[in-house]
Amino acid sequence: MTLIPRAAVLTVGGVALAALMSAQSADARDQIRIVGSSTVFPFSTVVAENFGKNTGMKTPVVESTGSGGGLKLFCAGVGPEHPDITNASRRIKQSEIDTCGKNGIEDIVEIKVGYDGIVLANSKAGQVMKLSEKQIFMALAKQVPVDGKLVDNPYERWSQIDASLPDVEIEVLGPPPTSGTRDAFVELAMRDGAKAFPMLKQLRKDKGKKAFRAVSDSMREDGRFIEAGENDNLIVQKLEANPNALGIFGFSFLDQNADKVRGSEVDGVAPTFENIAGGAYGISRSLFFYVKKAHVGVIPGIAEYVAEFTSERAAGEDGYLTDKGLIPLPAADLKKYQEDGARMTRLAGL
Amino acid sequence: MSGEPDYAARLRRRHRSEMRFRFYGLLSIALAGVILVVLIGSIVLKGYSAFWQTHVRLDFAISAEQVDIDNLRETNWGGLVKATLRDMAPGVTGRRDKRKLYQFVSPNAGYDLRDAIAADPGLLGTEFSLWVKASDDIDMLTKGHLDRTLPESDRRVSDLELGWYDRFVGEGRIELRFNLDFFTTADSREPEEAGIQGALMGSFLTLLVTLALSFPVGVMAAVYLEEFAPKNRWTDIIEANINNLAAVPSIVFGLLGLAVVISLFGVPRSAPLAGGIVLALMTLPTIIIASRAALKAVPPSIREAATGLGASPHQVVMHHVLPLAMPGILTGTIIGLAQALGESAPLLMIGMVAFIVDTPTGFTDPATVLPVQIYIWADSPERAFVEKTSAAIMVLLAFLACMNATAVWLRRKFERRW
C-alpha cells in the first residue's frame, strides 16, 4: 500500500503557516487604495493606470463598491487599513460627514471631476423618441394622477401617454435600486416629471417631501419597467434584440455603442456630449471623489494622483478621460478644483 | 385457450418501453451535449479573436541626441511616436484631427519604443521599423466588428481615420499578430493592453491558500468523524451542521471574511490570503462530506486485517484506510476547489473586486481572480472588451480543465480495485 505522501502534506501546511505569518508584517502601505462609485470607476482606473506609468510608483488599487459603500469604508477610520480616496456619483451627505467626524476624519477634500449624463436609448431600428420628463414619469411611475386621483399606472403603450409618441408597448430596461444610476435617474427625471403635475406639487406642499417621494420615487412593478442588473452592456444587447424597448444607462455606453443605439431627446434636447457639458440636457449629474487629508504625505502618491486626475490632459476638454466618456467641467471649475487639490482645501460644509 | 394472455404482445410492449427508456437517456445526453456545444461555441466564436491583435508598423529615425540613453524615463517617447505618425499622414493640421491621428495607435506605443531602444541602443541613428499595437477602435475595425457602411456619425471610426487605415493597409503597415501580451500583462483600461496574467496569478495564489487550509483540516475532520468519533448526539449535531454549511450562500462567507479575517485578524484587503481563507471556509464542507464518503467506502476487512496484524488505530488509518480513500478524497477536493475558482460573490466583500494593474507576486499583494476579471471586463464600456471577456472565460475554462485533469491523473495513480 502507498503511504500518504507525507512530504506533500507538510509542504501544504507550511505554505499556509508562512502565508499567515507574512500577513502580520503588512502594515504601512506604499500603494494608494481607492473605493467607491461604479460610475466613476472607469475614469478613476484610467487615471490610476496613467499615474502608475508616469510616476513609476505602484498603481493604485481601485475597488468598485458603489458610492454609499465607498463612503462607508472611507469614513471607517484613519490608518493604512482604511482607503485613502472614495469615488462618488453624488455629493457626500451630512450624515456621512458626521460618521467621518466620529471616526476621527476631520478633513475631507472634495474634488468634482466632471459630469455624467443618464440617457434613455433605444435601438437604431426603432423610432426616435422625443420625451418630456413628465412623459417619462407617466410611463414609469408606479402610481400616476389621472383625473385628480392617484391610480396604479394604466398606460400600456406610449401613444396612450401622448399622441405624438409611437404606438408601441412601453418597455424600459433600467438599473436596480442598488445602483447610483438609478438614484440619479429618479432624482433628476422622475421627481422633476412628478412636479409637472399640479396635484403632486400640492401634495409636496401639504404633506411634505416624504409623501411626495413615495409617489415620485416608486417605479412601476408590473413588468413594463424591467430591472436589468448593473451591467449596462447587457442592456445595450437587449435593446438590439428588441427595437421597441428603451434602456436607461450612462452616457459612456451610448458613446461607445453609437452604431447600435440612439439616445432619446428629453425635453427637446438630445443627449450629446455638447448638450450635457453645456448643461442643456436635464438628466446629468456631477461626479466627485473625496480625499482623506490625514493620509496625504503618509501614503505616498496621493497628491500626485489628485494632480493627475485634475490635470488638463486628463479631465480637460480634450483629456483622455473625455475619450472614455467623461463630460468635462467648464475650464474655470476645473481650475478651482485643481487648486483645491494642490492645497488640499478642506470641505467646509455642504 | 381463451384465458391465455397474449405473451407476444406483452413482450413487444416491454421491449418498446425498454427502447423508450434508452431513448430518453440518449435524448438527455444529446440535449446536454448541444447546450455545451452552443455555450462553448459562442464563447469561442466571440473570444478567439482576442488572442490576436492588430499591429501597426511605424518607421523611426531617431538620432542619439534625441534620447538620453542613461535616463530613458526622461525622454518624451510618446512625442517621438506622434512625430512619426505625423510623417506618415502628412497634411493633418487641425487639433482634433491630430488627436485622432495620435489615437490610431495604443497610448502605450511610446513605452514599446522605449523598451526597443533599451534592448538595442544600436538602433539610434539608424532607420528602423517597429510594430506597435493599434488602438482598440482600429483593432475592432480590422477584426470586422465595425460596420464601415454606416453613416460617419454612427461609427467610432471617422472617414478620416478610415482613409489612413486603408492607406496603411495598402502599404503593408497593418497586420494581425498573436497577442502574447494577453498572457503576460495584468489588467488595463486600454483594451489592447489588458491581459489576464494578473487574474490568473491571483486565482492561483488564492487557490493555493484555500487548498493549504481546507485540505488538511477537511481530511482530518473527516477521519476523526468517520474513524474515531463516538456515535452520540454531539457528533450528530456536528454532522447536521456540516451538511447545512455546505448549502450556505457564498456571499455569507464573504461577510464573515470581512468581519473576522480582515477586521479581526488584520489581513490586508484584496489579498489572496484573505480570499483564500474565505474560500477555504466555503470549500471545507464539500471536502469533509466527500472525504467521509470515501472513507466509508473502504471495506472494513482492510481495517480488521491491519488491526489483526497488530497495527495501532493510528497506523490503520494512516497506512491503510487513508491511502485507499485518497482517490475519492482528491476528487472531492478538486470539486471543492473548482467551485472556489468560480466564486466572485464572497470576494466582493473583502475587496478583491478591484482594478489591479500589478501582477501579484505574494499572498498579501492586492489581487483579483479570474471570475472577477471577467465581470469587470463584461462591465466595461469599450467594445473591445467584449472579446476579451470571452477570451478570459476560455482561460478560466482551461484552468478548470487542468485542475480536473490533475484530479483524474491523481485518481488513476492512487486507485486500487478489489
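Is Asp107(A) buried, partly exposed or exposed, and what is its relative accessible area? The residue is partly exposed, at 27% (buried means under 20% relative accessible area, exposed over 50%, partly exposed in between, with a 1.4 Å probe and protein chains only). The model is predicted: local features need pLDDT of at least 70, side-chain atom pairs count only at pLDDT 80 or more, and totals for chains, interfaces and linings use all residues. Residues are numbered from 1 along each chain as its sequence is written, chains are lettered from A and ligands numbered from 1 in the order written, and side-chain values use heavy atoms, without hydrogens and water.

A salt bridge is a side-chain nitrogen of Lys or Arg within 4 Å of a carboxyl oxygen of Asp or Glu. The count over all chains is 43. Asp107(A) pairs with Arg346(A), with closest N and O atoms 2.6 Å apart. Arg346(A) follows helix H16 (331-343), and Asp107(A) sits between helix H4 (94-102) and strand E4 (108-123), so the bridge ties together parts 239 residues apart in sequence. Helices (H or I, at least four residues) and strands (E, at least two) are DSSP runs, numbered from the N terminus. Arg346(A) is partly exposed, at 43% relative accessibility.

Arg224(A) bridges to Glu156(A), the closest N and O atoms being 4.0 Å apart. These residues lie 68 residues apart. Arg224(A) is buried at 15%, whereas Glu156(A) is partly exposed at 43%.

In chain B, Arg148(B) and Asp166(B) form a salt bridge at 2.7 Å. Asp166(B) belongs to helix H6 (159-170). Shared partners join Arg57(B), Asp59(B), Arg167(B), Glu171(B) and Arg173(B) into one salt-bridge network.
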